[in-house]
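Hi,

Here is the structure I promised to send over. Have a look at it first, and then read my notes below.

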Amino acid sequence: ALLRDEDPVPLYALKMLNAVLDFYPVLTAKVAELGMVESFCSYLSLDHPNNNVHNLRLCRTMAVARCVPVQLLLGLDVVHKAGTVLCYACENAVEAFIEPSLELCMSLISRILKDSDDNGSGDKLPLDGGRHLQGLYSSCAHVFRTLSRHSDRNVSEMSMECISTLEAWMEARASQ
């Protein structure tokens with residue numbers, strides 16, 4: 001209910017929920033059961049008033065949570081949305097968004113590839129995860145390369161990890 005209230009209440013609600021899940025990660029499953037993943041992912045839009053750093057962090061928390069099926073994340077188009085936010089943040093120098101959106105992208109890449117490995121399905125990624133990864137690479141490779149030269153070491157290292165992981169996946173896929 002707080003997320004549907006007037007500003008600035010949703011901002012504070014997202015911030016508090018983020019803090020609660022940082023301290024009590026076991027509650028992540030309960031938050032997911034309440035259908036909040038869908039809400040968080042719907043906020044990942046450049047024009048949504050709840051698109052903020054706290055929501056990006058909550059999306060990342062949900063992306064790495066094993067209780068949240070990767071198929072749900074892919075069905076909500078969170079990979080594309082995260083890439084769009086990252087591109088916007090980089091192109092418009094919105095520094096506060098760069099690191100959390102980059103963390104979300106890296107978490108999604110890792111999660112999709114890990115779920116594929118865990119299922120023993122080789123290149124058969126869940127719910128066409130390969131299409132989502134290919135789309136992220138196509139739309140964000142230039143941003144990952146730009147951010148690999150960022151003055152913040154954490155940002156540059158994550159960017160290099162994103163691009164190298166995606167390129168390694170694409171090479172492995174092409175050689176099969």
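Let's start with Thr28, which touches Leu21, Thr61, Met62, Ala65 and Cys67, leaving out residues up to four places away in sequence. One thing to keep in mind throughout is that this is a predicted model. Thr28 is found in helix α2, which covers residues 28-33. Is Thr28 buried or exposed? Its relative accessible area is 6%, and buried means under 20%, so Thr28 counts as buried.

Helix α4 runs over residues 53-64 and has 12 residues. From its first C-alpha to its last it reaches 17 Å, close to the 16 Å expected at 1.5 Å a residue. How much of α4 is covered? Mostly: 9 of its 12 residues are buried. If you zoom in on the N-terminal end of α4, you'll find Asn52 capping it, with a side-chain oxygen 3.0 Å from the backbone nitrogen of His54.

Now for a helix pair. Two packed helices are described by the angle between their axes and the distance between the axes. For α3 (residues 36-43) and α4, the axes come within 9 Å and cross at roughly 135 degrees. That makes α3 oblique to α4. The crossing in which α3 passes α4 is left-handed. On the α3 side, the contact is made by Val37, Phe40, Cys41 and Tyr43, while α4 brings in Asn55, Leu58, Cys59 and Met62.

With a relative accessible area of 43%, His142 is partly exposed. Which residues is His142 in contact with, leaving aside its neighbours within four places in sequence? They are Cys87 and Glu91. His142 and Cys87 are 55 residues apart in sequence, yet their C-alpha atoms are 9.0 Å apart in space. With Glu91, His142 makes a polar contact from side chain to side chain, at 3.4 Å.

Finally, zoom out to the whole protein chain. There are 9 helices and 0 strands. Of the 176 residues, 45% are buried. And if you take the contacts between residues at least 6 apart in sequence, 69% of them join residues at least 24 apart.

Happy exploring!

Definitions and conventions. Residues numbered from 1 in each chain as written. Predicted model: local features only at pLDDT ≥ 70, side-chain atom pairs only at ≥ 80, totals over all residues. Heavy atoms only, no water. Helix = DSSP H or I, 4+ residues; strand = E, 2+ residues; numbered from the N terminus. Expected span 1.5 Å × (residues − 1). Buried < 20%, exposed > 50% of the residue type's maximum accessible area, 1.4 Å probe, protein only. Polar contact = N/O pair within 3.5 Å; in protein donor to acceptor, adjacent residues only side chain to side chain. Axes fitted to C-alpha atoms, helices over the stretch in contact; angles between N-to-C directions. Parallel < 35°, antiparallel > 145°, perpendicular 65-115°, else oblique. Left-handed = near helix turned anticlockwise from the far one by under 90°. Contact = heavy atoms within 4.5 Å.
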